[in-house]
Amino acid sequence: MSSSLDARLVVERPGQTTRAGFRLDLALHAAPGEVIALLGPNGAGKSTALRALAGLLPLTAGHLRLDGTTLEDPGTGVHTPAEARPVGVVFQDYLLFPHLSALDNVAFGPRCRGLGKRASREAARPWLERMGLTEHAQARPGALSGGQAQRVALARALAVHPRLLLLDEPLAALDARTRLDVRSQLRRHLREFEAVAVLVTHDPLDAMVLADRLVVIEDGREVQSGTPAEIARHPRTDYIARLVGLNLYQGTAAGHTVTLPDGGPVLTTTEELTGPAFVAFPPAAVTLHRTRPDSSARNVWQLEVAGLDLHGDQVRVDLTGPLPMAADLTPAAAAELDLAPGGLVWAAVKATQTHAYPA
Amino acid sequence: MTPARPVHRRAPFALLLPALLGLAFLVLPLVGLLIRAPWSDLPRQLTTPEVWEALRLSLVCATAATGLSLLLGVPLAWLLARTEFPGRRFVRALVTLPLVLPPVVGGVALLLVLGRNGIFGRWLDSAFGITLPFHTSGVVLAEAFVAMPFLVISVEGALRAADPRYEEAAATLGASRLTAFRRVTLPLIAPGIAAGSVLAWARALGEFGATITFAGNFPGTTQTMPLAVYLAMESEPEAAIALSLVLLTVSIAVLAGLRGRWMSGS
């Protein structure tokens, strides 16, 4: 496998009287241009993994190779310190240097890598421009809004031309409104980024929108990995079923409808949008019927049952067809519908149950 | 339910009386100084060459001692706040020792180490011809010895309050530990360094015991203001009062400078 990120991160923290010991053992592989999301509950080891990748926390065992270069291997005693790694980090609360302007924050990395004062500022300016922050170049971080600070942090991390971009809960510090905007901008910037990006989040929606591949971790171990759709449709544990309970589609919005690519199905939504958009709805919002329902639901498709899984007191149904999706229903309802793999069923989703937002 | 009402309760007499006595005890001597000051004669008293010499020497030495404390004390504070090494708590206790040590003892100790016959002093004298005691540089050393702990404690506190993750952020951007310290940590703790410097400077300005023991009392070379005050008390009390007024003014200025940083407890 010629992936540009090839890592097995083992970090052990011995137990102390005040807290139990912890062991992270996580294998990560990624190709250039791939965005990986580490998803898991608090204390699962997501941030530990990120700090280990950045070189802020030494590995106990395992290895870390980037573009074929070994950055760390406790077995052979190789440890490249954080300042010598081609890694950029966007910290959870950004950690912008409060005494430097936005421009000088972005210029900090180029300056540390040998450029003079003038040259480093010239190198920083295009990054601020790309983030749409030209007029805030001289502003101190304290004077920036949450969304602007997030973009400065991203510009600062990208300005050192990292081969590995790490983002720790990049949207957690933002309020709900800003979050939508910043998420779609971040998604665009990650699409343009040509190297590997790893982001840590506890928010499944962020993970599904931003990442090509999810790695769900619990107690320091991977419990499942795959594309967002794969994981949503085949959750391996009850926890994942609850966590990644979301059907997510990308298409083009025009008014109250979103058309999926290549003449795909059209979804009706309550939000009015134009241009590239996401539509999401939880599996519990899907109702299944033996015959075509003549209710007011506009979003109705005939789909094929691909699989059934019992998770807790819910059955998750994997449906394929024009609009592949996951649906949750009670075991009783599943029995009543006589669902079986290969069978055809009508799936309906009310427009009010969907959520559309710009991509 | 009775509505909440601010309750004005009289302070008990047994607490009020000693409190007022204590206040008077602290304030009255300073008032006395102002009352007994030879105001009409003050300009003449303060413009004698001896006074100017002592004042100039005091300012130069206190500033040099503060500079020396900054040069050595800030890295020492960083070591105490940001690194782990065996015996760190013990080292920290050693650093704070001069805070509680009688300054005279400090002077004696300095003399034993750096005096002409001292452990290092002998070697400095024979190898470089450098004699520290009874020389202006001796004043600076004696003052730095008692003043530096103030700076170290203040800067260490500022470092502990500063988020070390800023240094991590700097590291991920390619900054070595030294660069991160210089370009990120130092600006972040600048207010703490300023406060510590002012405290150290004020302490150095008033230094008496260590200075007179280690550096002696030679007008023009080692006789600082506090020494001049002490000496003047014997021969010319009027001059001593005038000099004391100058030091009091400087102290009030320092207090005003620190106000809002440390005096804003209320």
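In which order do the strands of the open sheet of five strands in chain A stand? The close-up views below, taken from a predicted model, begin with this sheet.

**View 1. The open sheet of five strands in chain A.** The strands follow the order β14-β18-β15-β16-β17, and their pairing is antiparallel. Because β14 (286–289) and β17 (325–329) of chain A each have a single partner strand, they stand at the edges of the sheet, and one side of each is left without a neighbour there. On average, and with direction ignored, neighbouring strands of this sheet are turned by 45° against each other.

**View 2. The pairing of β15 and β18 within chain A.** Strand β15, which covers residues 299–311 of chain A, is joined in the antiparallel sense over six bridges to strand β18, residues 344–349 of chain A. One of the residues to look for is N299(A), whose bridge partner in β18(A) is V349(A).

**View 3. The hairpin of β10(A) and β11(A).** Strand β10 (residues 213–218) and strand β11 (residues 221–226) of chain A run antiparallel and are joined by five bridges. I217(A) stands opposite E222(A), a residue of β11(A). Two residues lie between the strands of this hairpin, in which D219(A) takes a positive phi near 50°.

**View 4. The contact between chain B and chain A.** Chain B brings 14 residues to this contact, while chain A brings 17 residues. On the side of chain B that touches chain A, the elements giving two or more residues are α8 (165–172) and α9 (177–188) of chain B, and α8(B) gives the most, with six residues. Sorted by class, this side of chain B has eight nonpolar, four polar and two charged residues.

Notes:
Residues are numbered from 1 along each chain as its sequence is written. Chains are lettered from A and ligands numbered from 1 in the order in which they are written. This is a predicted model: local features need pLDDT of at least 70, side-chain atom pairs count only at pLDDT 80 or more; totals for chains, interfaces and linings use all residues. Two residues are in contact if their C-beta atoms, placed from the backbone, lie within 7 Å. Helices (H or I, at least four residues) and strands (E, at least two) are DSSP runs, numbered from the N terminus. Ala, Val, Leu, Ile, Met, Phe, Trp, Tyr, Cys and Pro count as nonpolar, Asp, Glu, Lys and Arg as charged, and the others, Gly among them, as polar. Two strands pair if DSSP finds at least two bridges between them. Axes are lines fitted to C-alpha atoms, for helices over the stretch in contact, and angles run from 0 to 180 degrees between N-to-C directions.
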